[in-house]
Amino acid sequence: MKGYILDYVDENEYKKLERALKKYNMLAYKKLNFEYYPSLRSGKFLGELISTDSDKNTETYELKLPSDLLFTQVHGEVKLKYMVYKDQNVVMLETLEPRDILLEGHVAELNTYKGVMISKEHEAKDKFMINLFSAMDNHNNK
């Protein structure tokens, strides 16, 4: 079987998201580049199958990337969304999520609070969420 080619829906935006992921979540970035991309190229499609289109012969997947629990609680799961064009042997990389915080992190240096990056736009909300989840974890550990 021939390998699959990785392509982008919007290469410029995807590369921005990827660079922000490298800066703020190195574990997810390393897994993505050294484990998940090679698997996709070889035709092993990872993650959850979201939808299929029999007319276009495509499958859409969502792959959760490893991340810190507190980051996930505050900003959401780190995910790769991609589409596979079976007849063309192309994997189309759509986006990385959480998109908003990653794009914000690409534009300007983000601060961290208790080890989690916080949005400049929603700083008070992010700090509140971090404090809330930290308090819940401390309460559950007692």
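The protein chain has five helices and seven strands. Here helices (H or I, at least four residues) and strands (E, at least two) are DSSP runs, numbered from the N terminus. Along the sequence the pattern reads β-α-α-β-β-α-β-β-α-β-β-α. The C-alpha atoms fill a box of roughly 50 × 35 × 25 Å along the principal axes.

This is a predicted model: local features need pLDDT of at least 70, side-chain atom pairs count only at pLDDT 80 or more, and totals for chains, interfaces and linings use all residues. Residues are numbered from 1 along each chain as its sequence is written, and side-chain values use heavy atoms, without hydrogens and water.

**Helix pair**

Helix 1 (residues 11-24) packs on helix 2 (residues 26-42) at about 120 degrees, with the axes 5 Å apart. That makes helix 1 oblique to helix 2. Axes are lines fitted to C-alpha atoms, for helices over the stretch in contact, and angles run from 0 to 180 degrees between N-to-C directions. Angles under 35 degrees count as roughly parallel, over 145 as roughly antiparallel, 65 to 115 as roughly perpendicular and the rest as oblique.

Contact means heavy atoms within 4.5 Å. The residues on each side are tabulated below.

| Helix | Contact residues |
|---|---|
| Helix 1 | Tyr14, Glu18, Leu21, Lys22, Tyr24 |
| Helix 2 | Met26, Ala28, Tyr29, Leu32, Asn33, Tyr37 |

By class, eight of the residues in this contact are nonpolar, one is polar and two are charged. Ala, Val, Leu, Ile, Met, Phe, Trp, Tyr, Cys and Pro count as nonpolar, Asp, Glu, Lys and Arg as charged, and the others, Gly among them, as polar.

**Aromatic pairs**

The structure holds four aromatic pairs (ring centres of Phe, Tyr and Trp, its six-membered ring, within 6.5 Å; planes under 30 degrees apart are stacked, over 60 edge-to-face, the rest tilted). One of them joins Tyr4 and Phe45, edge-to-face, at 5.0 Å centre to centre and 90 degrees between the planes. Tyr4 lies in the segment before strand 1 (5-8) and Phe45 in the loop between helix 2 and strand 2 (48-53), so the pair ties together parts 41 residues apart in sequence.

**Backbone details**

The peptide bond from Glu97 to Pro98 is cis, with omega near 5 degrees. Pro98 sits in the loop between strand 5 (90-97) and helix 4. Asn57 is not a glycine, yet its phi is positive, near 60 degrees. Asn57 belongs to the loop between strand 2 and strand 3 (58-65).
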